[in-house]
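Subject: Structure handover

Hello,

Here is the structure I said I would pass on. Please have it open while you read the notes below.

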Amino acid sequence: MSTTTKPVNQKAWFLILPVLLCVAFSAILPLMVVVNYSVQDIISPERRVFVGTEWFAAIMRDEELHGALLRQITYSFAVLAVELPLGILLALSMPAQGWKSSAALVIVSLSLLIPWNVVGTIWQIFGRTDIGLMGAALQGLGIEYSYTGNAAHAWLTVLLMDVWHWTPLVALLGYAGLRSIPDAYYQAASIDGASKLDVFRYVQLPKMRGVLMIAVLLRFMDSFMIYTEPFVLTGGGPGNSTTFLSQFLTQKAVGQFDLGPAAAFSLIYFLIILLMCFILYNWMQRVGTQAKEGGHD
């Protein structure tokens, strides 16, 4: 018997050519430029000296970088610790169907439509003790609140601002995960006499694991790269209390015009984000696997 093989149409690769070109111009080429700058001492546009890994060593010894990294990691994990349970709680409380569901989705999404610089301006006014609602209310309660003069108040205000702005994203992702659960699971839980807590623990939470993993990675990456909101609200102060890694990088590249150290730090910054996301992803995968094995037992 003769066998025939189906011809492969290699022209199909041309369909992804526009995507490859966009990625090349938007990501690969700029990354190569940064790598080139990171190993040179740029004295002037015409004069450059190859320095190898000197800038990487200098950046790694920078104590200001160590402080910014510690503040950034603390802030990002605080964002996850607050926004994840709040988003899940909000998703559980939203109506499942009907016009109320549509209205709730629109209302919840409103804060996501506001530009980042406007969010910083809103909270800048909101926190003022003379005309701001939150600042005046705290002042009326006898709390000496000042996000411009107190480092703890500034840090908490930036955190609260991020929670207000981005918790709806976690809620929407959680809501999508809840709506994808078939009714048969709830019917089986009802027959078994499961409580609401049991339904959440053994039905809803495992089924939301995929979307929650996306929410964790998105919120971690975005919070780890935050710049506009704290810059508009506090300018990185008071002192360096809200100076995160992105502002540290901007000060190096724009404020001091140290392109070599800034490029080296950009690559380190990029690798830190990749490493932290890799750790989070594998941890959530392992937790999900252990939960499944425990459920089978």
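Which residues in helix 7 meet helix 10, and which residues in helix 10 do they meet? From helix 7 they are D162, W166, L169, V170, L173, G174 and G177, and from helix 10 they are V211, I214, A215, L218, R219 and D222. Contact means heavy atoms within 4.5 Å. By class, this contact has eight nonpolar, two polar and three charged residues. Ala, Val, Leu, Ile, Met, Phe, Trp, Tyr, Cys and Pro count as nonpolar, Asp, Glu, Lys and Arg as charged, and the others, Gly among them, as polar.

Some background first. This is a predicted model, in which local features need pLDDT of at least 70, side-chain atom pairs count only at pLDDT 80 or more, and totals for chains, interfaces and linings use all residues. Residues are numbered from 1 along each chain as its sequence is written, and side-chain values use heavy atoms, with hydrogens and water left out. Helices are DSSP runs (H or I, at least four residues), numbered from the N terminus.

Helix packing

Helix 7 (residues 151-179) and helix 10 (residues 209-224) have axes 9 Å apart, at an angle of about 160 degrees. Axes are lines fitted to C-alpha atoms over the stretch in contact, and angles run from 0 to 180 degrees between N-to-C directions.

Helix 5 (residues 116-126) also packs on helix 7: their axes come within 11 Å and cross at roughly 125 degrees. That makes helix 5 oblique to helix 7. W116, V119, G120 and W123 of helix 5 make the contact with T157, L160, M161, W164, H165 and W166 of helix 7. These residues divide into seven nonpolar, three polar and no charged.

The second largest pocket

A pocket is an open set of points on a 1 Å grid where a 1.4 Å probe fits, with protein on both sides within 12 Å along at least five of seven lines; lining residues have an atom within 4 Å of a point. The second largest pocket is lined by 15 residues, and M225, S266, Y269, F270 and I273 lie nearest its centre. Helix 13 gives the most to this lining, with seven residues. The lining has 13 nonpolar, two polar and no charged residues.

A cis peptide bond

G237 and P238 are joined by a cis peptide bond, with omega about 0 degrees. P238 lies in the loop between helix 11 (228-233) and helix 12.

Regards

How values were computed:
Helix = DSSP H or I, 4+ residues; strand = E, 2+ residues; numbered from the N terminus. Parallel < 35°, antiparallel > 145°, perpendicular 65-115°, else oblique.
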